[in-house]
Amino acid sequence: MAESSAPNIQQELNLKKLELSALLEITQAINENLPETALYKIYRFTLLAQLQINRLTLFVHDEEWECKVCFGTEQDFTKQEIPEEILALTEITNTSKLRVDKRWRVFEIVIPILHNGKVLAFVMIGKIQPYYTNLEALNFVQTVSNIMLVAIENHKMARQRLAQESIRREIEIAREVQSMLFPKSLPNDKDVVIHASYIPHSSIGGDYYDFIEIDKDQFLFCVADVSGKGVPASLLMSNFQAGLRTILRQTSDLNTVVAELNNLIYRNAIAEKFITTFLAIYNRATRELSYVNAGHNSPILLYENNSHRLLNEGCTMLGVFDVLPFMSVTKIHVPENSVLLCYTDGLTEVFDEEEAEFGIEGTIKYLQNHRFLSSRMLHLQLLSEINLYNEETTFSDDITLLSCRFK
């Protein structure tokens, strides 16, 4: 009796050696932080050479089920969909107990791989040694597979964390760059008071405003909006700002300034991005305002008697055409005690519960009723008015306000 059991004991010892060797190989591969494809190759070799499993396929669920390993079969299982009956399994099962197509019967055993109660993968094996039909041996295949797949999942999550950290850092840099674009101070003197407010919808917006002294009498101010958001919009806007300041050192002719800006944006914009902008030059001595509206929301010039004018003449948005199809610079006289409000579409494109837009009419009405507020309070209460217009809404776009009060 002792002699007959000796081969069984030796067989079990050999099996344990094979299993330990397989476990060691998989663990070493994981510790070496090898890429996913290399881990699958080692897994395949280990099961084939160490555990003497001669037919195997491994289906892993990422966004969908995908065959990652397949050997020992005449049919290519990489293009096969797993039968629903196999997908329902949570325990090691013999295929003879399943109602599946004969192509799946080349495998004898289906081994689900679970982690935290979720099925990560299915290992299907065939042409196995007799001692691999016992549950303990099959459990070991399940364990080795689980170790490898969880390691791959952890590596994937680590890579995602690194990628997210890289994106977060890029966003921080872009946000810093964007904050540097805005002017450090705005004038409040005997001629004008200029005040600006910027409310980004996300961490990096596509809005921009600026104020640039040209000489002792003239200054330029502008509001702009880049299509899209995020890092690309921020980079394009930085190009716009740098280009504007460079061009103004050479000329203050608005025709030239706008044409050169359009050329700059056309050459640098990606993914069909464009910029709408309102640019104006005010002469303190003559009270003349020259402006170009390049496809932007019409600023509102409110006169002392509460009548108003919309400043909408100019050209198309910048960056769409290599040469602007039309262009006009409009010059107007600005009477005393006038108020000009420039803004981006995030202000007016707010809807109430009945889908009625706050719009330019709501903005004009607000200005007429609150024109004597200080510039700061004029902005704060206008933003509050937008919030009250629909208390359930959140801003779906950046909001930029720039007001110029002419004394």
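Q: How many salt bridges does the structure hold?
A: Before the count, please keep in mind that this is a predicted model. A salt bridge is a side-chain nitrogen of Lys or Arg within 4 Å of a carboxyl oxygen of Asp or Glu. The structure holds eight salt bridges.

Q: Which residue forms a salt bridge with Asp 101?
A: The partner of Asp 101 is Arg 103, and their closest N and O atoms are 3.3 Å apart. Asp 101 is partly exposed, at 38% relative accessibility. Arg 103 also counts as partly exposed, with a relative accessible area of 31%.

Q: Is Asp 191 buried or exposed?
A: Buried means under 20% relative accessible area, and exposed means over 50%. Asp 191 has 17% relative accessibility, so this residue counts as buried. Its salt-bridge partner is Lys 190, with the closest N and O atoms 3.3 Å apart. Lys 190, by contrast, counts as exposed at 70% relative accessibility.

Q: Where in the chain do Arg 284 and Glu 213 lie?
A: These two residues form a salt bridge whose closest N and O atoms are 3.7 Å apart. Arg 284 belongs to the loop between β9 (275-283) and β10 (288-294), while Glu 213 belongs to strand β7 (residues 207-213), so their pairing ties together parts that are 71 residues apart in sequence. Arg 284 is buried, at 14% relative accessible area, and Glu 213 is partly exposed, at 44%.

Q: How do strands of a sheet pair?
A: They pair through backbone hydrogen bonds, in a parallel or an antiparallel manner. In this structure, five strands make up an open sheet with antiparallel pairing, in the order β2-β1-β5-β4-β3. The strands at the edges are β2 and β3 (93-94), each of which pairs on one side only.

Q: Which strands pair with β5, and over how many bridges?
A: Strand β1 (residues 55-61) pairs with β5 in the antiparallel sense over six bridges. Within this pairing, Thr 57 has Met 124 as its bridge partner, and Leu 56 stands opposite Ile 125. Strand β4 (residues 109-115) pairs with β5 over seven bridges, again in the antiparallel sense. Here Leu 114 stands opposite Val 119.

Q: How many residues lie between β4 and β5 in their hairpin?
A: There are two residues between them, and Asn 116 in the turn has a positive phi of about 55°.

Q: Is strand β5 mostly covered or uncovered?
A: Strand β5 (residues 118-126) is mostly covered, with eight of its nine residues buried. Phe 122 is found in this strand, and its relative accessible area of 0% makes it buried. The C-alpha atoms of Phe 122 and Ile 111 are 5.7 Å apart in space, although the two residues are eleven positions apart in sequence.

Q: Which residues form a negative surface patch?
A: The patch is formed by Glu 63, Glu 64, Glu 81 and Glu 84. Glu 81 is located in the loop between β2 (65-71) and α3 (84-87). With a relative accessible area of 72%, Glu 81 is exposed.

Definitions and conventions:
Residues are numbered from 1 along each chain as its sequence is written. This is a predicted model: local features need pLDDT of at least 70, side-chain atom pairs count only at pLDDT 80 or more; totals for chains, interfaces and linings use all residues. Side-chain values use heavy atoms; hydrogens and water are left out. Patches are made of residues with over 30% relative accessible area and no salt bridge: like charges are joined within 9 Å, nonpolar side chains (Val, Leu, Ile, Met, Phe, Trp, Tyr) within 5 Å. Accessible areas come from the Shrake-Rupley method with a 1.4 Å probe; for residues, only the protein chains shown count as cover. Lys and Arg count as positive and Asp and Glu as negative; His and the chain ends are not counted. The place of a charge is taken as NZ of Lys, CZ of Arg, CG of Asp or CD of Glu. Helices (H or I, at least four residues) and strands (E, at least two) are DSSP runs, numbered from the N terminus. Buried means under 20% relative accessible area, exposed over 50%, partly exposed in between (1.4 Å probe, protein chains only). Two strands pair if DSSP finds at least two bridges between them.
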